[in-house]
Structures are given as C-alpha cells and as structure tokens.
Amino acid sequence: TYFHNLISPIESPQAWQNYLNQDIQKQITQGLYVGELENLLTHKSTLRDYFVETEIDIVAGGPPCQGFSMAGRRNPEDSRNLLPHQFLSFVRAANPKAVIMENVVGMRQRFAKHDVESPFSEIIKALGKVGKKYIVQPVQLNAMHYGVPQHRPRVMLIAVRKDIARQLGISATDNLWNSKSFDKPA
C-alpha cells in the first residue's frame with residue numbers, strides 16, 4: 001500500500017514481485033526497503049551513503065515482543081530480544097529527527113531471575129547516547145483508549161534528536177508518562 005500510494009502505482013502483481021526481487025540498494029534509493037532489518041544493517045556503506053544525502057524525519061517501529069511478554073519464558077537470551085538493538089543500530093545509521101518505539105508492558109520489567117535490567121531502560125539509555133543523541137519520553141498507555149478494539153496496554157519511547165529538541169524547546173522527564181485511564185476499561 002505504501003509503495004503503491006507514495007512511490008509508484010503497482011499495475012500488476014508481477015510489478016510488485018519485480019520490486020521485491022531488486023537488490024537492497026535499489027530498494028533503498030526508491031524509498032522503501034522490504035525485508036529483514038538484519039539484512040539491511042549488513043549493507044552499512046549503502047545505508048551511510050543514503051542517509052548522508054537524506055534527512056529522515058522519523059523512524060517508528062515495534063520490534064517483536066514475545067521475548068518480553070509476561071506470559072512467556074522471559075529469557076534475556078531469547079534471540080528475539082536482540083531486535084530492539086537492531087532497531088537502535090538502524091537509528092544510529094539513519095539519525096532521524098524523531099524515533100518512536102512501541103512494545104508490550106513486559107518490556108519495562110527486569111529479567112529478575114537472570115539479574116538483567118529491563119530492556120526498556122537499556123534502550124532509553126542507549127537513545128541518549130546513540131548518533132546525535134536523543135531526549136526520550138517513556139510512555140505507558142492502553143491502546144483501547146485510542147481506537148484499538150481490545151484491551152492492549154503498551155509502552156512507548158518517544159524520542160527527539162537533541163539538536164532539534166533544543167531548537168524547538170522540547171523537553172522530557174525521566175518519569176513514565178501514563179495515559180489518564182491506563183488501567184480503566186473503556
């Protein structure tokens with residue numbers, strides 16, 4: 001949908017398949033990469049060249065959450081728990097003006113039995129040091145209060161690059177911002 005509406009109308013299923021078969025660099029220069037982030041990150045020189053020329057406004061994502069879910073095993077060694085760090089590597093390469101990351105509330109919890117800090121805290125600290133550095137506001141909300149038709153508690157990190165935050169007078173607190181009705185059903 002993004003490609004069809006914002007890059008080039010897809011005239012046939014074959015046209016979309018042809019796009020998917022292009023190499024990473026060609027996809028990037030056309031404005032949409034479709035594939036695993038890890039594959040994209042292995043093309044660091046392609047990324048660096050592209051991002052030097054293009055100032056990205058926002059990077060938004062929600063790395064898979066199964067490894068952080070309170071319903072799961074909560075093992076810090078779960079390979080899916082590396083995906084937020086890949087997200088940070090992409091932020092480092094892109095240096096966007098703003099970053100939004102969303103995940104399950106369990107991401108805020110320490111891996112207590114393994115004595116490991118919460119991934120949420122780690123990522124907040126990392127965003128304060130990565131690239132041109134970011135100010136970060138941690139947020140907790142229930143998506144059902146924003147139109148999602150189910151009880152869906154979420155945590156988010158909303159980050160603005162420090163140079164832009166200073167210029168616009170934007171600040172953040174270390175305190176977790178909770179939506180007013182986080183725990184209350186609609």
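**Sheet, core and pocket in a predicted model**

Strands β3 and β4 run antiparallel to each other and pair over nine bridges; strands (E, at least two residues) and helices (H or I, at least four) are DSSP runs, numbered from the N terminus, and two strands count as paired if DSSP finds at least two bridges between them. Across this pairing, Val136 sits opposite Ala159 in β4. This is a predicted model, with local features needing pLDDT of at least 70 and side-chain atom pairs counted only at pLDDT 80 or more, while totals for chains, interfaces and linings use all residues. Residues are numbered from 1 along each chain as its sequence is written, and side-chain values use heavy atoms, leaving out hydrogens and water.

The whole sheet is open and mixed, with five strands in the order β1-β2-β4-β3-β5. The edges belong to β1 (58-61) and β5 (177-178), each with a single partner strand, so one side of each has no neighbour in the sheet. The β3 and β5 pairing is parallel, over two bridges, and Gln140 has Asn178 in β5 as its bridge partner. Helix α6 touches β1, β2 and β3, and its direction makes about 170° with that of β1. Helix α7 touches β2, β3 and β4, at about 10° to the direction of β4. These angles run from 0 to 180 degrees between N-to-C directions, along lines fitted to C-alpha atoms, for helices over the stretch in contact.

Strand β3 is largely enclosed by the rest of the structure, because eight of its nine residues are buried (under 20% relative accessible area, with a 1.4 Å probe and protein chains only). Leaving aside residues up to four places away in sequence, Val91 touches Val59, Pro96, Val99, Leu127, Val130 and Tyr134.

Then there is the largest pocket, with a volume of about 680 Å³. Of its 24 lining residues, Tyr33, Leu37, Leu40, Val59 and Phe90 are the closest to the centre. A pocket here is an open set of points on a 1 Å grid over the protein atoms alone, where a 1.4 Å probe fits, with protein on both sides within 12 Å along at least five of seven lines; lining residues have an atom within 4 Å of a point. Grid points are joined across faces, edges and corners, and the volume is the space filled by probe spheres set on them.

Key:
Contact means heavy atoms within 4.5 Å. Buried means under 20% relative accessible area, exposed over 50%, partly exposed in between (1.4 Å probe, protein chains only).
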